[in-house]
Amino acid sequence: MTVDQAAVPRESVTGPEHLPVVIVGAGPVGVTAALLLARHGVRTLVLERHHDLYPLPRAVAIDDEVRRILQAAGVHEEFAETARPARGLRLLDARHRVLAEFPRAAQGAHGFPQTSMFDQPELERVLRAALARTPECELRGGAEVVGVEQDDVGPVRVTYRDGAGEHVVRADAVLGCDGANSLTRHAIGAVWEDLRFEERWTVVDVRTSLPVRCWEGVEQICDPGRPATFMRIGEDRYRWEFRLRGDLEPDHERLTELIAPWVDVAHGADFELVRQAQYTFRARIADHWRRGRVFLLGDAAHLTPPFIGQGLCSGLRDAYNLSWKLARVLRQGATERLLDTYESERRPHARHVIRLAVAMGWAMTGGQDGAAAVRRGALGAAVRVPGLTTAAARDLSPALRAGPLVRRRLRLGGRGLAGGFCPQPWVSVDGRRAHLDELLGDSFAVLTAVPPSPSLRAVADGLGARVLPVAGLGDDGRLTAWLREGRADAVLLRPDRVVMDIVPSGGHAFTGTDDWASLLHTTRSSIPSRQDVGEPLLRSTTR
């Protein structure tokens, strides 16, 4: 719910108010984290220094994995009304001839278009509306956080200022979703690691009814003299990005010349410049993302150049990865060591995505050093390798590395299913078609192609996991084929739909309980999440 600052009570005589989670920043990452935590029954207070959402466009693309996260947050239907699918990415040379094409499917493995274009203010309005109708969430606008402090014991102290003065709240955990200039990052003593990419670009957002030459995807102009990016965002909305030469921002005449390959702008024509702004694209990652119960998410933890459209995606993945783990610790008494897996899983993944974006940036610009010509020649040769473009598109979000919550077993011909996502086909539920995750709920789940053994049942009961036979789901056999290809009779899915462990073909039990059971063991009976009301309560993990 959104709160009028005049109605916010000051500290009581018993001390500052105490909340389970305080989120610093009400951008898409912070609000999504609040909604995901609410699904697990965790109350949050979101503090945002601005009174209203930022009205101008910024992020414009997300992938199908992140559409699935929005589904988990309960906003995918509203988001779908404002988004449009994109055909993929093209690399063009200076004369706009196609060097390479990275196609994206109309429906990916997660059940949504592999790339969706959108207007960030529209996404933020959808998220804020969901926040306002969620009783576990509270948003305080005009509240600037000025201090985040914690000691070895006790809750985190968060100090913020608003029109009524200075206030202190205490929280069992704090999520820093406060952007590139994060106060939270400074508070935990984290510093940037520079991944060696920094360029200044101008971003131009336009609304026009004029005919625009486009292929309904993203175009990257790989011209070291004037690299550029172009994309259609909405019915009459378009974006261009051009690398700046020196400090000169293109004037109207120069801008008309730059966009001429796509659209002819006649004098007095219907051509509205929505925004023109300068940005410095950087590649950075914080050296650590957590201290105690304070965590960094989104741009506070990593900065990604925009060339593969993964900046916001990475932040929303942070929220999805952390939310269920934090809820299990706060609500069910799981060990603090479970929270260590947030950074150990997300930081390598974010680094991989940043490096892909940097590689694409160098491919576009050629760089400014002596090896630029060599890189451009290598790009021209690489894009002709059969299957390379398909593999590159698939590798935007690789499987998580092996770890306590990813039981990876090496097998002939590949890494297996662990660490990757379970696909999300359409299934039949009570005579209607639905996405698989609607059937799975918000907790752990077991998908099995064979009758479950007593051992499998015991693990499922201990985790409060639903056990679903894949036969008869009405998914045209997709899950059966996926298990067969992965040489698994059953899989254990985490709440974020990552495959944590498998029962190998011909086996009877999960292979990695010694690794993850102690992390997930709970010290008290859990409280059911929203979608689990009416189902058996979660219990402590058993082996």
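In E22, which residue is the bridge partner of Ser428?

Analyst: The bridge partner of Ser428 in E22 is Arg433. This is a predicted model, in which local features need pLDDT of at least 70 and side-chain atom pairs count only at pLDDT 80 or more, while totals for chains, interfaces and linings use all residues. Residues are numbered from 1 along each chain as its sequence is written, and side-chain values use heavy atoms, with hydrogens and water left out.

Strand E21 (residues 426-429) and strand E22 (residues 432-435) run antiparallel and are joined by 4 bridges. Strands (E, at least two residues) and helices (H or I, at least four) are DSSP runs numbered from the N terminus, and two strands pair if DSSP finds at least two bridges between them. The hairpin has 2 residues between its strands, and Asp430 takes a positive phi near 50°.

Now the cores. A nonpolar core is a set of buried Ala, Val, Leu, Ile, Met, Phe, Trp, Tyr and Cys residues joined through side-chain atoms within 4.5 Å; buried means under 20% relative accessible area, exposed over 50%, and partly exposed in between (1.4 Å probe, protein chains only). The largest core has 120 residues, of which Leu175, Leu326 and Trp516 touch the most other members. H7 gives the most to this core, with 11 residues. Apart from this core lies another, of 20 residues, and Val429 is among them, as are Leu473, Val491 and Val499.

Leu326, leaving aside neighbours within four places in sequence, is in contact (heavy atoms within 4.5 Å) with Val21, Leu37, Ala173, Leu175, Phe295 and Leu339.

Trp516 belongs to helix H14 (residues 513-520), whose buried residues are Thr513, Trp516, Ala517, Leu519 and Leu520. These residues span an arc of only 165° around the axis, so they lie on the same side of H14; the arc is that of the directions from the helix axis to the C-beta atoms. Elements covering the buried residues of H14 include helix H7 (311-332), helix H8 (337-365), helix H12 (454-463), strand E25 (488-493) and strand E26 (499-504).

Cys313 is buried, at a relative accessible area of 0%, and Cys177 counts as buried at 11% relative accessibility. With a disulfide taken as a pair of cysteine sulfur atoms within 2.5 Å, the count comes to 0 disulfides.
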